[in-house]
Amino acid sequence: MKIDIGIHMKGGVITERNPDLCTVRVRLPAGRITTEQIRGIAAIAKKYGGGIVHMTTRQTVEIPHVRPENLKKINRALEKNGTPIGSERDEIVNVIACPGTERCKFANIDTISLAQKIDERLFGKEMPVKVRIAISGCPNACTSPMLNEIGIIGRAVPVRAEGKCTGCGTCTEYCKEEAIRIRRGTCVLDETKCVQCGVCINSCPYSIIVAKNRHFLITVGGRRGRHPRVGRELTTVPDADSAVAAVEKIVNWVYRRAWSGRLLSDQLDDIQFSKFRKEIAGASGGDPKE
Ligand code: SF4
Ligand code: SF4
Ligand code: SF4
């Protein structure tokens, strides 16, 4: 039996409970896959695996029950299919995203193209800690970005535009945070309650509430697992390119400073998160959260 150790050591190859078999995880940024690629994966799983695939929580696909001697062939077949072997070790792992503006009526940002841009720049980079990145188009946070090492959330700040508010109350019905009240026949926004979801912006039949800005909130140091923790707010940035640049800065900062063997969430203070937050806000033109 000839085993390619290089491929066996790849982050996307996981030894199973039965150590004679491996599961192969695929790289699928934002969980995007064409119908042709799905057919390709089905054929590959049938030929080299156990004839099944597993859909993971990180929006990717795993091919279970691959014999180690077939890793070289499956690696080549997956490359050819445009769905190469992924990662799951102390690396940048599969970037996940909700449908965003492509399909969701609540979305404030294009999540899928952002996930693809981040994947192109950073996927698979070896790190001292595992770095999971999740993107959501609005504060509903369907991909739980704040429970990832790096989270991105699209938000919109509502403001009153010129024009006459009729006091119809439609916007108050839409706002789930009770952040809009009708006072003396006109709407009043309460910034302290508003989560910047942007839902009210599209609800007003007279376009009295408009978006002051749509932006990207970036969080760091969240995690799921046995002791879940919510990530800390790092900064807000105005566009996708700035979001990519901010993520690259976070990754470089973690790469240079973090220690292996501890989750990022457990060492944020030790690696001077507060100082970094001030630096990145200044460099990216973002809004410091302290
Ligand atoms: S997070 Fe918001 S934009 Fe994304 S799918 Fe959920 S509701 Fe839609
Ligand atoms: S943005 Fe969302 S939370 Fe804020 S006022 Fe509008 S609906 Fe309410
Ligand atoms: S802002 Fe628009 S939806 Fe809200 S009360 Fe005024 S007119 Fe009605």
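Which residues are around ligand 1? In this predicted model, the residues around ligand 1 are Cys98, Pro99, Gly100, Cys104, Phe106, Ala107, Ser136, Gly137, Cys138, Asn140, Ala141 and Cys142.

**The two ligand shells**

Sorted by class, the shell around ligand 1 comprises 8 nonpolar and 4 polar residues, with no charged residues. Ligand 2 is surrounded by 14 residues. The closest to ligand 2 are Cys175, Ala179, Cys194, Cys197 and Cys200. The shell around ligand 2 divides into 11 nonpolar residues, 2 polar residues and 1 charged residue. The table sets out the class counts for each shell.

| Shell | Nonpolar | Polar | Charged |
|---|---|---|---|
| Ligand 1 | 8 residues | 4 residues | no residues |
| Ligand 2 | 11 residues | 2 residues | 1 residue |

**The protein as a whole**

The protein contains 8 helices and 11 strands. Along the principal axes, its C-alpha atoms fill a box of roughly 80 × 45 × 30 Å. The protein has 290 residues, of which 41% count as buried. Among contacts in the protein with a separation of 6 or more, 65% are accounted for by residues 24 or more positions apart.

**Helix 4 and helix 7**

Two packed helices are described by the angle between their axes and the distance between the axes. For helix 4 (residues 111-122) and helix 7 (residues 240-257), the axes come within 10 Å and cross at roughly 40°. Helix 4 is therefore oblique to helix 7. The crossing of these two helices is right-handed.

On the side of helix 4, the residues in contact are Ser113, Leu114, Lys117, Ile118, Arg121 and Leu122. They meet Ala240, Ala243, Val244, Val247, Glu248 and Val251 in helix 7. By class, this contact of helix 4 with helix 7 has 8 nonpolar residues, 1 polar residue and 3 charged residues.

Leu147 is located in the loop that lies between strand 6 (133-136) and strand 7 (150-160). Is Leu147 buried or exposed? Leu147 is buried, because 20 other C-beta atoms lie within 10 Å, and a residue counts as buried at 20 or more.

Leaving aside residues up to four places away in sequence, Leu147 touches Gly222, Arg223, Arg224, Pro228 and Val230. Leu147 and Arg232 are 85 residues apart in sequence, and their C-alpha atoms are 9.8 Å apart in space.

Notes:
Residues numbered from 1 in each chain as written. Chains lettered and ligands numbered in written order. Predicted model: local features only at pLDDT ≥ 70, side-chain atom pairs only at ≥ 80, totals over all residues. Helix = DSSP H or I, 4+ residues; strand = E, 2+ residues; numbered from the N terminus. Buried ≥ 20, exposed ≤ 12 C-beta atoms within 10 Å, placed from the backbone. Contact = placed C-beta atoms within 7 Å. Axes fitted to C-alpha atoms, helices over the stretch in contact; angles between N-to-C directions. Parallel < 35°, antiparallel > 145°, perpendicular 65-115°, else oblique. Left-handed = near helix turned anticlockwise from the far one by under 90°. Nonpolar A, V, L, I, M, F, W, Y, C, P; charged D, E, K, R; others polar. Near = placed C-beta within 6 Å.
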